[in-house]
Amino acid sequence: MAAQDLVWLGVAAGLVGLGVYGVLVAGHLLRKLLALNLLGTAVFLLMVVLGRRGAATPDPVSQAMVLTGIVVAVSATAFGLALMLALYRRSGEAALDDEAGAPDGDGRD
Amino acid sequence: MTGWPALPLLLVLLSLATALAVFLAGEARQRLRTTLNLAAALAKLGLVALLLRAVAAGETFQWRMPLLPGLDLVLKVDSLTLLFTTLSAVLWLLTTIYAIGYLERSPGRARFFGFFSLCVAATMGIATAGNLFTFFVFYELLTLATWPLVVHRGTQASFAGGRSYLCHTLFGSSLFLAGLVWLHALVGSQDFIAGGELGDVLSGNEAAQRGIFVLLLAGMGVKAALLPLHGWLPKAMVAPAPVSALLHAVAVVKAGAFGIVRLVYDVYGSERVQALGLGHWLAALAAATILYGSLMALRQADLKKRLAWSTVSQVSYIALGAAIAGPLATIGGLVHLVHQGLMKITLFFCAGLYAELLGSKRIDQLDGVGRVMPWTSLAFTVTALGMIGVPPMAGFVSKWYLGTGAVAAGQSWVVGVLVASTLLNAAYFLPVLGRIWFRPPPDAWPAPTRPGRWARAAMLLPALATALAALLAGLLAGLELSPLGWVKLIVAREYGG
Amino acid sequence: MAATELLPLWVLVPLLAAALAACLPARRAGQLALAVQLAALASWPLLAAAFADRGPLTVSLAGLAPPLAIRLYLDGIGLLLLGLVATVTTAASLHALATPGRAALRPAFWPAWLVLLAGLHTVVLSFDLFNMYVGLELLTLAAVALVASAGTVAALAAAMRYLLLAMLGSLAWLAGVAMIHAGTGSLDLELAGAALAPGGWVSVALALMLAGLLLKAAVFPLHGWLPLAHGAAPGAVSAVLSALVVKAALLLVWRVQLWLGPAGGADAAGPLLAALGGAAILWGSLSAYRQDRLKQVVAFSTVAQLGYLLLVLAMPSAVAWQGTTLHLLAHGLAKAAMFLAAANLVRRAGDPRLAALAGSDAAAPVSVFAFALAGVSLVGLPPSGGFLAKWLLLQGAWQAGAWWLVALLLAGSLLAAAYLFRTLAALLAHRDGAGQARAGLPVPRIAELAALALALGAIVLGFAAAPILDLAALPAGPGGAP
C-alpha cells in the first residue's frame, strides 16, 4: 500500500474517532448530527481509498457505493434536522435527556 | 386399538368447546350458560359411561397427531384413564351445580365458568395423555386455566395466593421440562405402557434413569403437594369454595398424583422403580408428607385451611401406594385417588355452605351448626369419619390395602405411619364434629345470609350426593363396578394379568 | 412459473405504492397500504409453492450474470419471514386504520409505512451486502418517521435517539462492507464468502458489520433505545417494529455469521453473540418486571426475547435452527398481538400506567384475552408456537451439552412468566373506587380482533409447526441452515 494511502487511511481513522465521540458525547442535537456527517465522510473516504487498491483506474463499484451513501446521508441528515426542529417546538430543547432518563411524555397514541 | 380412535379427543374437546361457548355467551346470558354447562357435563358423563363398558370389555382407544418429527400428541383411553375421567366427570357435574348456587349473585361468572370448563378440559387431557409429552402439555394448560380461578376474587390476598401457586407450579414445570428434554435427548418419545419399558430402553444408564425420575417426580410433586413443594396449597385457599373443592378433589392435586402413578407404573414400571432404589425414597417422602400435613392440619383454626392441610396429607397416600412394591399397595393407592376425591369434595362443599349461609369460617364458629344445618352437617360428619378411616367407610378400604400391601412387601413401618396418621386425622376431625353436634349454637351467627331456595338446593344436593357416593364406595366396595372393583381390574392388567 | 421473475416486485410494488400514497389523503393511503399487504399475503402461497418445488430461488437483476449482477435470493427463512411480514403488517394496518389516533392521519404516515414494507422486503431478499445497506437504511428512516408520528415529546425524543444510533450502526456496517469489498472484489454474499481468506482484517470488517447490526437489532447492551422508541410509538407501529424490524437486522447477523463468518472467526464470535443473547434475556426480563407502564413492559420483553434468537450461534445444529426459526415466527405473531392489545387497553383506559388499567378484563375482554394468549406463547407454555420453539431449543442445547443454555432457557421462561403474570394480575385486579370516570375512548371491534387473530396465530403455530419447519429446512447457507 502506498504511503499516500496510509495518510488517507490515517485521516479517515481520525475522522471516525471524532465522529463517534461527537455522536455519543455532544449535547446539542445539531452537534450530534454534524458529528454523524463527519463519521459518514470518514467512511466514504475509507471506501474511496480502499477502492483504489493501487490500481490506476478506480473501482466503479466503490464510487457508486459512495454516491449512494452520500445520498442516504444527506436525506438522513435532512430528516434528522426536521425531527430536531419538531422536538424543539414541542419541548423547547434541542437535546436528549440523560441516556438513562425516562421519557417525559406519557407515550399514549 | 379398535374403532372410534377419536373418542379420547372428543372427551377433551367437549370441555374445551364448552369453555369457548361460555366465554362467547358473555356475562349476561345466565340461562344459556347454565344450560350449556349442565348439558356438557351430562354429555361427558354419558360418554364416560360408554367408554367404561367398552374398556371393561378389553378395548382401548388411541388418537395420535404428530406435532414435530418424533414428537406426537397422543390421547388414549385405558382402564387407568377411566378411573380418573369417571371421577372428574361425576364431580364436574356436581361442582358445576354447586357453583351455580354458590356464585348466584357474584360478578365475573362468565369468566369463572369459562376457566372452570377449561380446567376440566385440561384434566381430561391429563387423564387421557398417552405419553409424557402430551401429559406435560395438558399439565401446563391446567396451571394456566386454574390461575384465573384462584385469583377470581381479585383481592390482594387472592393475588398473593395466585402468585404463590404460580411460583411453585412454574418452578416445578421447569424441572419437569428439563427431565422431559433429557429423556427425549436419550431415547426419544415413549408412550405410556402398562408395566413401563423405560428401563429396558435405557438399560445400563442408571444415573440417567434416576436423574430423570427425580426431575419428573419433582414436577409432579408440586401439584401433588409433596413435601417440600406443598407450600402453595394452603395459600390457594383464598379461592372460592367450588374452586377449592375442584382443586383438591379432582383437578390440580389429583393431576399431580395421577402423574406420579403414570410415572411409576407406565413409564418406569413398579419393579424398575424398586430396582433403582427409588421406591424407598418416594415412600419415605410420602410418609413424611402424610404426617407433616396432619400435624399442620391440627394447628389450623380456619376450617378451609384445616381441610387444605388434610389434603396435603391424604393425597400422599396415593404416592405411598405407588412407592410400595406389589399389587395390594397399588390397589390402596389407586383407590384412594377416587375415595379421597369423593370425601374431600364433600368436606369443601360443606365448608362452603357454612361460610356462605352462616359466615362461619373458623372452626370455633361452628358450635351447634348441626341444629340449624342438619343435612350439611350430616354429610360433613359421614365424610369426616370416612377420612379418619372408620370401617366400613371408604377411607378404611384405602388404608387397609395400603397396610396389608406394605406388610406383604416387608415394609411394616408403613403400618406405623398409617396408624399415626389415623390418630392425627381423628384428632383434627373429631373436635370439629363435637362442636357441630354437641355445643349449643351461639346467639348470632357471624354473617348469616338468605340465598334463594334454588341456590340453597343447588349447593346442598351435590354435597349430599358426594357424601352418599363416598359412603357407598366403602359399603359396596365388593361390587365389580365400585371404585375398588375397577382398581382391581387395572391392577390385574398392570401386573401382567 | 413466474414466481422467480416476480421476486423484484416484492420490493418495487411497495415503493411505488409509497410514492402514490404520498399524493393521497391519509385514509385512502391507508387503504392502499392495506391492499398492497393483502396482495403480498395472497401471493405468498404461490411463492411458497415455487420454493417447495425448486428450493432456494435466485434472480439476477438487470439481466446480468454474477459476479456483476445484483442478485435477489429467497431461502427458507426468508420465505417464512415474508409470510410473517405480510401477516403482521396486514393486521397492524387494520388496527391503525381502525384507531388512527393523530399518528395515522398525518400525511407522512402511510408513505412511511409502505417504505418500511419495501425496506423489510429488500433486507430479506438481498444477497448483496450493499443492497442490504440500502434496505437497512430504508427500514431505519421509515421506522424513525413512524415512531415520531406519535407526535409526543417522548416519541420525538425516542425517534431522534433511534435515528442517531441507527445511523451509527449503518455506517459501521458500511465501513465493514467496504473492507470486505476491497478484500474480495465482490459484494455478493456467496462470492465474497468464497473469496475471503482468513485474516485479521476480515475479523475487523466482520466485527464492524456485526456491531452495526447489533445496534440496530437492539441486542444487549446496545438495547437502550428500543424500549423508549417502541414504548412511545403508536400501537400499530410498535407491533411492526418489535415483530419485524429488529428481526430484519438479526437475519443479517445470521447471514453474515454463516456466509462470511467461517473465514473471520465465527467460531469465536458465535458463543460471544450467544452470551450477549443470554444477557439480553436476563436483563430484559428483569427490566420488564420493573416497569410501571404497560407498553414499556412489552417493549422490554422484546429486548429479552431477541436474545433467544442469538443462542443458536453457540449450538449450531439442525434442531436449534428449527427452534430459532419457530421462535422468530412465534415471537413475531405474539409480540405484535401483545402490542396491539396493549394499545387497545391503554386507549380504553386513557392512561398508560399499569395501576390505571385495573379492571380491564371487564372493559375490553377480547384485548385482555389476546394479551394473555400472546403471553402464553411468549412464556413458552404449551400449546403454542413459543412452546415448541423452546422445546426445540432445549433439545438442541441438551444435545450440544450446553448446560448453561439449558439453565438459561428455563430461567428465561420463569422470568417471562413473572413479568407477564404480574402484568395480567394488574389488568385483572378489581378497580378501586368504582365511581371513577374513565377518560379513555371506546375500542373498535376490528382493533380488538386484529390483536386476537395474531395471538391465535401464535397458538395455532404450536400445531402447524411441522410443515413450516419442513419449508425452512430446505437448506441455504454454505454451512446448512439459513
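This is a predicted model: local features need pLDDT of at least 70, side-chain atom pairs count only at pLDDT 80 or more; totals for chains, interfaces and linings use all residues.
Good morning. In chain A, buried residues make up 36% of the 109 residues. Chain A has three helices and zero strands, and its elements run α-α-α from the N terminus on. Among its contacts with a separation of 6 or more, 53% are between residues 24 or more positions apart. Its accessible surface comes to about 6,100 Å², and carbon and sulfur atoms account for 68% of that surface.

I turn now to how the chains meet. Two pairs of chains are in contact, and chains A and C share the most contacts. By contrast, no contact joins chain A and chain B; the closest C-alpha atoms of these two chains lie 27 Å apart.

Next, chain C. The domain assignment gives it domain 1 (1-157 + 227-255) and domain 2 (279-431 + 441-473). The C-alpha centres of these two domains of chain C lie 22 Å apart. Where they meet, 35 residues of domain 1 are in contact with 34 residues of domain 2. The size of an interface is often given as the accessible area lost when the parts come together. For domain 1 and domain 2 of chain C, the buried area is about 2,700 Å², and carbon and sulfur atoms give 82% of it.

What lies between these two domains of chain C? The largest nonpolar core has 423 residues, and helix H6 (residues 153-184) of chain C provides its largest share, 23 residues. Domain 1 and domain 2 of chain C both give residues to this core, so it lies between them. The residues with the most contacts inside the core include C:Trp113, C:Leu129, C:Trp173, C:Phe371 and C:Trp391, together with B:Phe133 and B:Phe380.

Let us take C:Phe371 from that list. Not counting residues up to four places away in sequence, C:Phe371 touches C:Leu294, C:Val298, C:Met338, C:Ala341, C:Ala342, C:Leu420, C:Thr423, C:Leu424 and C:Leu427.

Helix H12 (residues 294-311) of chain C also deserves a word. Its 18 residues should span 26 Å at 1.5 Å a residue, and its end C-alpha atoms are 27 Å apart, which agrees. Because 18 of the 18 residues of H12(C) are buried, this helix is largely enclosed by the rest of the structure.

I now move to chain B and to helix H17 (residues 374-388). How many of the 15 residues of H17(B) are buried? Eleven are, so H17(B) is largely enclosed by the rest of the structure. Among the buried residues are B:Phe380, B:Val382, B:Met387 and B:Ile388, as well as B:Gly386 and the threonines B:Thr376, B:Thr381 and B:Thr383. The partners against which the buried residues of H17(B) pack are helices H14 (303-323), H15 (327-357), H16 (369-372), H18 (394-408), H19 (413-438) and H20 (453-475) of chain B. After H17(B) comes B:Gly389, whose phi is positive, near 100°.

B:Thr96 is found in helix H3 (residues 79-102) of chain B. Is B:Thr96 buried or exposed? With a relative accessible area of 1%, B:Thr96 is buried, since the cut-off for a buried residue is under 20%. Leaving aside neighbours within four places in sequence, B:Thr96 is in contact with B:Asn37, B:Leu38, B:Phe113 and B:Phe116. Thank you.

Terms used
Residues are numbered from 1 along each chain as its sequence is written. Chains are lettered from A and ligands numbered from 1 in the order in which they are written. Side-chain values use heavy atoms; hydrogens and water are left out. Buried means under 20% relative accessible area, exposed over 50%, partly exposed in between (1.4 Å probe, protein chains only). Helices (H or I, at least four residues) and strands (E, at least two) are DSSP runs, numbered from the N terminus. Contact means heavy atoms within 4.5 Å. A nonpolar core is a set of buried Ala, Val, Leu, Ile, Met, Phe, Trp, Tyr and Cys residues joined through side-chain atoms within 4.5 Å. Domain bounds come from an automatic or database domain assignment. The expected span of a helix is 1.5 Å times one less than its number of residues. Accessible areas come from the Shrake-Rupley method with a 1.4 Å probe; for residues, only the protein chains shown count as cover. Buried area is the accessible area (1.4 Å probe) that two parts lose on being put together, summed over both.
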